[in-house]
Amino acid sequence: MRRSPVEYGLIEQAMAEGGTEGGAVTALFAAAAAALEEIAAGRGGPCAVRHPLGFLCLPVHREDDRGVCVHVFGSGTPGRSAAGLTTSAVHAHSWDLASCVLYGRVGNLRVEVHDRPEDPTHRVYAVHSDASAVDEIRPTPRLVRCTPGPEETSSGGEIYTLPAGQFHATVVPPGTATATLLFGRTLPGQRDLSLGPVHGTHHRVVRQTCDAAQTARTARTVLRRIDGRHFP
C-alpha cells in the first residue's frame, strides 16, 4: 500500500471534531488533495477498484486495523463494476466509518433488521474479502425482515459517521458527481454483512481493478473538483 501523505492521527482528530467549518474540515480536504496528487502522479500503490455497490475506490493507505480511501460516485466514475450486485444495496460494515464529503451529496439510509425466520424477506450473508479483490459471499442461517429508517444526507464539507454493524444503504442522487474521504477502523468480532435473497447460495464476486491510467485519470478528476475554490 502506498505511504499515506498524512498522519492517521490528523485524520482521526479531524473526523472526530466533525462540523462543517474550521481547521478540521480544511485539514481533511488538504489530506485528500495530498493523497490524490500521489495517486495522479502514479507513485506506487494499488490501482482503483470498482465496487459492486457502484462506486470507485481509490485506496490511500492501510495499516493494521485502520484504512483510508477515496470513494468516487456518479459522473466522472469510469464505468460501473463489471461484477454487478448479487445481493442488495443494504449492508453492514465490520468497521466504524467516518467520511468527509469532498463534493456532491451522499445519503445514508439506515435500515432496521429484525429476525423473522417464519416470514423473512431477506437472508443475511457474510462477505469475506481478500487482497485479490475477490468477495466470498456466504449465506448465514439468519432470516430477517427489514424496515427503512431515517435517511441522513451530507453535502460537501460535511462529515458523517456510521458504527460497525449498522445496516444501511448508500444513496447518491442519479447524475450527481460525489467523492468522499473515508476513514475506517475494524472492530474485533464484527463481520461484513449484506442482505440478499432468502434462497441464495454461496458464491464469489470478483471486483474489477482499473489500470494505472484509469486510476490516475480519476484522481485528477477529483482533484480538479476540490481545488482552492471548493475548500470550506
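Biologist: What is the order of the strands in the open sheet?
Modeller: In this predicted model, the seven strands run β9-β5-β11-β3-β2-β1-β14, with antiparallel pairing.

Biologist: Why do β9 and β14 stand at the edges?
Modeller: β9 (159-162) and β14 (208-209) each have a single partner strand, so one side of each is left without a neighbour in the sheet.

Biologist: How do you know that β1 and β14 pair?
Modeller: Pairing takes at least two bridges. Two bridges join β1 (residues 49-50) to β14, and these strands run antiparallel. Because the requirement is at least two bridges, β1 and β14 count as a pair. Across from Arg50 you will find Gln208 in β14.

Biologist: Now the rings. What makes Phe55 and Phe73 an aromatic pair, and why is the pair called tilted?
Modeller: Ring centres must lie within 6.5 Å, and here they are 5.2 Å apart. Planes under 30 degrees apart would be stacked and over 60 edge-to-face; the angle here is 50°, so the pair is tilted. The structure holds one aromatic pair.

Biologist: Where in the chain do Phe55 and Phe73 lie?
Modeller: Phe55 is in the loop between β1 and β2, while Phe73 belongs to strand β3, 18 residues apart. Both Phe55 and Phe73 are buried.

Biologist: How do you know that the charged end of Arg225 sits over the ring of Tyr103?
Modeller: The distance limit is 6 Å from the ring centre, and the charged end of Arg225 is 5.3 Å from the centre of the Tyr103 ring. A position within 35 degrees of the ring normal is needed too, and Arg225 does count as sitting over Tyr103.

Key
Residues numbered from 1 in each chain as written. Predicted model: local features only at pLDDT ≥ 70, side-chain atom pairs only at ≥ 80, totals over all residues. Heavy atoms only, no water. Helix = DSSP H or I, 4+ residues; strand = E, 2+ residues; numbered from the N terminus. Phe/Tyr/Trp six-rings, centres within 6.5 Å; stacked < 30°, edge-to-face > 60°. Buried < 20%, exposed > 50% of the residue type's maximum accessible area, 1.4 Å probe, protein only.
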